[in-house]
Amino acid sequence: MTRRIWNAFRVEWSKALRNRLSYAGPLLILITVAAAAASPLFRGTPYSYAFVGYATSAALNHLGFVVLLAFSATLVASDRSHGTLRLLLVRPIQRHELLLAKFLMATAYAALLVIVTALAAWSVPMAMGELLGVSYGGELIYADNAMRTAYGLGMLLALLPLLAAAACGLCISVFARNNATAVLVALGGWLTLEVIKHPLGIAPLVMTTYLEVPWRVFASHADGVPATWMPMAATCAAVSIGTMVIALAVAIAVFRRKNLAS
């Protein structure tokens with residue numbers, strides 16, 4: 001089973017490399033970080049940890065999330081609209097294995113977006129600013145190593161809501177007949193949920209509520225303010241993992257019974 005999923009993932013990766021739209025996500029993130037570097041907020045001041053937190057949030061929590069959601073929503077719908085989905089299942093692979101391979105592809109893409117964001121966000125202050133730790137009144141409050149550790153932990157935590165988004169996009173892709181429908185439903189559903197989650201009182205159960213959580217400790221430390229991971233990190237992880245598991249379970253259950261000839 002594991003080998004079949006891995007082989008199917010390699011096929012998905014090869015397809016992504018040939019698809020020019022796959023490069024749009026990293027490119028847009030680089031443009032966003034460059035735009036953040038040109039923002040008046042940092043004009044006349046040295047680029048430092050505050051810029052890293054600002055650029056990361058702008059590039060990953062908003063743009064990266066939307067890009068990943070749209071990318072995941074096309075993984076099944078694209079094969080179905082092109083008539084290649086049934087050909088893929090002719091091979092010795094079960095439907096749930098193919099779906100898990102596609103989710104693995106979405107996971108790899110999410111990791112790529114996180115890595116590109118981190119490299120771009122840190123490259124600006126490393127080249128133009130001073131990364132000597134956070135000081136106040138000449139006293140070192142947080143050393144550079146501590147700031148990098150907080151950011152690294154934030155990166156790992158940030159993957160969880162992104163993977164939940166990938167699972168939701170994949171679930172929508174199972175229902176959709178083509179890419180346009182899948183992307184419109186995914187983005188429309190996200191925007192609708194953002195509007196109604198607070199009036200309905202369900203915001204604590206929605207994973208998008210926690211997109212900023214992974215960077216709060218780093219951002220607070222950049223301002224010289226103490227911050228702790230718990231309980232917000234645990235809540236973020238629980239909601240994100242729960243959403244991911246439910247979305248994948250629904251996607252697999254529907255995909256197993258779906259008539260691919262229709």
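Good morning. By the rule used here, the count comes to one cavity of 30 Å³ or more. A cavity, on a 1 Å grid over the protein atoms alone, is a set of points where a 1.4 Å probe fits but cannot get out. Grid points are joined across faces, edges and corners, and a volume is the space filled by probe spheres set on the points.

Please bear in mind that this is a predicted model, in which local features need pLDDT of at least 70 and side-chain atom pairs count only at pLDDT 80 or more, while totals for chains, interfaces and linings use all residues. Residues are numbered from 1 along each chain as its sequence is written, and side-chain values use heavy atoms, with hydrogens and water left out.

I begin with the cavity. The largest cavity holds about 30 Å³ of space, and its lining consists of Leu60, Asn61, Ala158, Pro161, Leu162, Leu211 and Pro214; lining residues have an atom within 4 Å of a point. Helices here are DSSP runs (H or I, at least four residues), numbered from the N terminus. By class, the lining has six nonpolar residues, one polar and no charged. In this scheme Ala, Val, Leu, Ile, Met, Phe, Trp, Tyr, Cys and Pro count as nonpolar, Asp, Glu, Lys and Arg as charged, and the others, Gly among them, as polar.

I turn next to the pockets. A pocket is an open set of points with protein on both sides within 12 Å along at least five of seven lines. The largest pocket contains about 530 Å³ of space. Of its 22 lining residues, those closest to the centre are Asn19, Leu21, Ser22, Phe71 and Thr74. Two or more residues come from each of helix H1 (2–18), H2, H3, helix H4 (77–82), H6 and helix H8 (179–196), and H1 gives the most, with four. This lining divides into eleven nonpolar, seven polar and four charged residues.

The second largest pocket contains about 210 Å³. Its lining numbers 13 residues, with Cys168, Gly189, Trp190, Leu193 and Met207 nearest the centre. Here H8 gives the most, with five residues, and the lining has ten nonpolar, three polar and no charged residues.

Which residues of H2 are buried? They are Gly25, Pro26, Ile29, Val33, Ala36 and Ala37, where buried means under 20% relative accessible area with a 1.4 Å probe, protein chains only. They cover an arc of only 120 degrees around the axis, which puts them on the same side of H2; the arc is that of the directions from the helix axis to the C-beta atoms. These residues pack against helix H3 (49–73) and helix H6 (95–128).

Finally, two individual residues. Gly169, in helix H7 (residues 144–175), counts as buried because its relative accessibility is 0%. Beyond its neighbours within four places in sequence, Gly169 is in contact with Leu69, Ser72 and Ala73, contact meaning heavy atoms within 4.5 Å. Lys102 lies in helix H6 and, at 0% relative accessibility, also counts as buried. Not counting residues up to four places away in sequence, Lys102 touches Glu12, Lys15, Leu75, Val76, Asp79 and Leu170. Thank you.

Notes: Buried means under 20% relative accessible area, exposed over 50%, partly exposed in between (1.4 Å probe, protein chains only).
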